[in-house]
Amino acid sequence: RESDHRAWTPVSCTVTRQNATVQGLTEGKAYFFRIAAENIIGMGPFTETTKEIVIRDPITVPDRPEDLEVKAVTKNSVTLTWNPPKYNGGSDITMYVLESRLIGKEKFHKVTKEKMLDRKFTVEGLKEGDTYEYRVSACNIVGQGKPSFCTKPITCKDEIAPPSLDLDFRDKLIVRVGEAFSLTGRYSGKPAPKVTWLKDDIVVKENDRTKIKTTPTTLCLGILKSVREDSGKYCVTVENSTGSRKGFCQVNVVDRPSPPVGPVIFDEIHKDYMVVSWKPPLDDGGSEITNYIIEKKDAHRDLWMPVTSATVKTTCKIPKLLEGREYQIRIYAENLYGISDPLISDEMKAKDRFRVPDAPEQPIIKDVTKDSAVVVWKKPYDGGKPITNYIVEKKETMTTRWVRVTKDPIFPSTQFKVPDLLEGCQYEFRVSAENEIGVGEPSPPSKPIFARDPIAKPSPPVNPEAVDKTKNSVDLCWQPPRHDGNGKIIGYLVEYQKVGDEEWKKANLTADSCPETKYKVTGLTEGLTYKFRVKAVNAAGESEPAYVPDPVEVKDRLEPPELILDANMAREQHVKAGDTLRLSAVIKGVPFPKVTWKKEDHEVSPKADIEVTGVGSKLEIRNTVHEDGGIYSLTVENPAGSKTVSVKVVVLDKPGPPRNLQISEVRSDSCYITWMEPEDDGGSVITNYVVERKDVASAQWVAISSSSKKRSHMAKYLMEGTQYLFRVAAENQFGRGPYVETLKPIKAIDPLHPPGPPKNLHHVDVDKTEVSLVWNRPDRDGGAEITGYLVEYQEDGADEWTKFQTVPMLDCVVTGL
């Protein structure tokens, strides 16, 4: 039956075979067929074709596929594509079969999976370096057609080519706002490179205005209706596994500037001009501001008048104003691409706003000396403009002429030390303030002052005491007063009073007769007791008196020696070598004792300076050395007795050289160094030792240990065969002592031992007077190359071995037997 009919039409009812030919069918129509078997009992059930059959010419296998091409090759895969056959054999292609053959083999092997209809296939899992050829066949309902022509032999290896980039744009591009622009170019590379666009190091993303188009060979970035924010540095990167290439373009989207930034500031306002300032536009439009256009307008008129269009500064003087009128100012910014919108100021009246400063109050004068005085004043009202300078003037009271004291500006300080006054002259001072408008009125004159140093009475002398006496005199001494009252001390007045009296008598009538800080009071009566006092005198007068603490009985005295030790005479004195040793003591006694210095009961070194004064003694040794240490004694003696004190002096110095430097356990890369501590540690504990080595061929010593507290060190990392010198020095807190050095170089080699015995000695031939021997090398060579073998023989029964000869090889013929 036809597929679009429901009625069945009989074809034959006499067929006894299992096939039949149906004729009279219409080409192109679709039919269903059914068959039933029949015997004498009757007809059985029908079996029907499962799907319609279209009547057309006989079906064959497909033609061979066309255009088999290799699209990509790597070290372990090949990608191929092909086109369908020109004729499919009258039936749809059901699958393709791709086959490969290893060059050198005969058979092709199928590589595609079952039922593959794609015309692209990647053969994977190949071995790098192998060479294959490929062919493909098409299959339809009938079967597999002829294979395509084989590809050329293909060797499995990565196809690589570094990226190349050819750009159609230059380094810089200027675009007007609203216009479109595009950045295009061509590229190549294997494997296919990845293309990335960046703007100011940020990846560019597509949007309504930004379009990116990339083909296998071309690239393009396009921007529609550009705005100022599109300005920036654009970068295109073309990258694959072999490298990358970059292209750059600085795009500047330009426009007219934005308005200047307000508000308009009126820096100065006067009756006939103003000075205004403003800030530059936030956006210059991508092009430098070439100038500003400034206009003015009377607030009661509608006409704007030009002031200037040639200024590039952000300040401008507005001239030719009428006093009392109100004005507005309008400012435009201009660049190469246009003029901005205007910035308009508030209304401002043209009138003088500022004046000169007021006069300061009467200045105060202080710290007057014979040639200078300090003038102090208060800041006056500044007239609306900041004060920039003060003008100080002086005049002598007997004249009328005021003179400036300095041409230099005085600001912001409100005091000034006036120099160059004439001693003894009387002066007045006044001050004026100045701002940019001008100089104000001067202050009232100060009170008159005389140019001279102020003098007060001095303070009393310090620590007066009686230092000696006889049967009719007393020696006094004291120290100068702590304050001289700013006047020179002329001298001292000494007074005495007999105990029990009320009257003080003068020992000297005038101060200048006792200019020094000591005085001998004479004419006293033996056996009486007196009090004493001293006054200091300057041009202003006498000081308060200073009293000798205790009354003094006038008589000859005999006092045993007394030593008052200074701090440097403590029990033990430490001095660093090179410094100066000072030992001193205050000595008392009547008569003054004899002074003797000794060291270890011997005379003191001649380099010592010994000084004896009426009140003490001092021993000084400059540039001390270690030998200057020891026990120093000071002995003082007079008829009333004697006294001795001792002090131990330790001169601290760098230590001496270490002793007994020994090198042992020498190896090819190390050796062991030992030494003993120095005989002299310099008076201080040895903190560490410094060990150094030197290649004999080098001039440079190299430290190998600088902090060792032990008296031994393992020197490592030596170069085998190199000869070395070693040296060691000790350090304490005062420095490093001298080095002690090895006397001869030490060669870094392992110690040699005798080699082991040869092995497997045996004869290989015997004659009546000679024997041929052979043997093997010993297991150990003792650390050096074996130079030969000593052959000896012994007659059987004898005790002595006879030397035959030394041979270099592993065999020997012993003759003369």
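Begin by selecting Ile59, Val61, Ile141 and Val142, which together make a nonpolar surface patch with about 330 Å² of accessible area; areas come from the Shrake-Rupley method with a 1.4 Å probe, and for residues only the protein chains shown count as cover. The model is a predicted one, in which local features need pLDDT of at least 70 and side-chain atom pairs count only at pLDDT 80 or more, while totals for chains, interfaces and linings use all residues. Residues are numbered from 1 along each chain as its sequence is written, and side-chain values use heavy atoms, with hydrogens and water left out.

Ile141 counts as exposed because its relative accessibility is 60%, the classes being buried under 20%, exposed over 50% and partly exposed in between.

Next, select the open antiparallel sheet of 4 strands, ordered β8-β7-β10-β11, whose edge strands, β8 (109-110) and β11 (154-155), each pair on one side only. Pairing requires at least two DSSP bridges; 2 bridges join β10 (residues 131-139) to β11, and Tyr132 stands opposite Ile154 in β11.

Finally, select Asp371, Asp420, Glu423 and Asp453, a negative surface patch, with charges placed at CG of Asp or CD of Glu. Asp453 lies in the loop between β36 (449-450) and β37 (462-469), and is partly exposed, at a relative accessible area of 34%.

Terms used:
Patches are made of residues with over 30% relative accessible area and no salt bridge: like charges are joined within 9 Å, nonpolar side chains (Val, Leu, Ile, Met, Phe, Trp, Tyr) within 5 Å. A salt bridge is a side-chain nitrogen of Lys or Arg within 4 Å of a carboxyl oxygen of Asp or Glu. Lys and Arg count as positive and Asp and Glu as negative; His and the chain ends are not counted. Buried means under 20% relative accessible area, exposed over 50%, partly exposed in between (1.4 Å probe, protein chains only).
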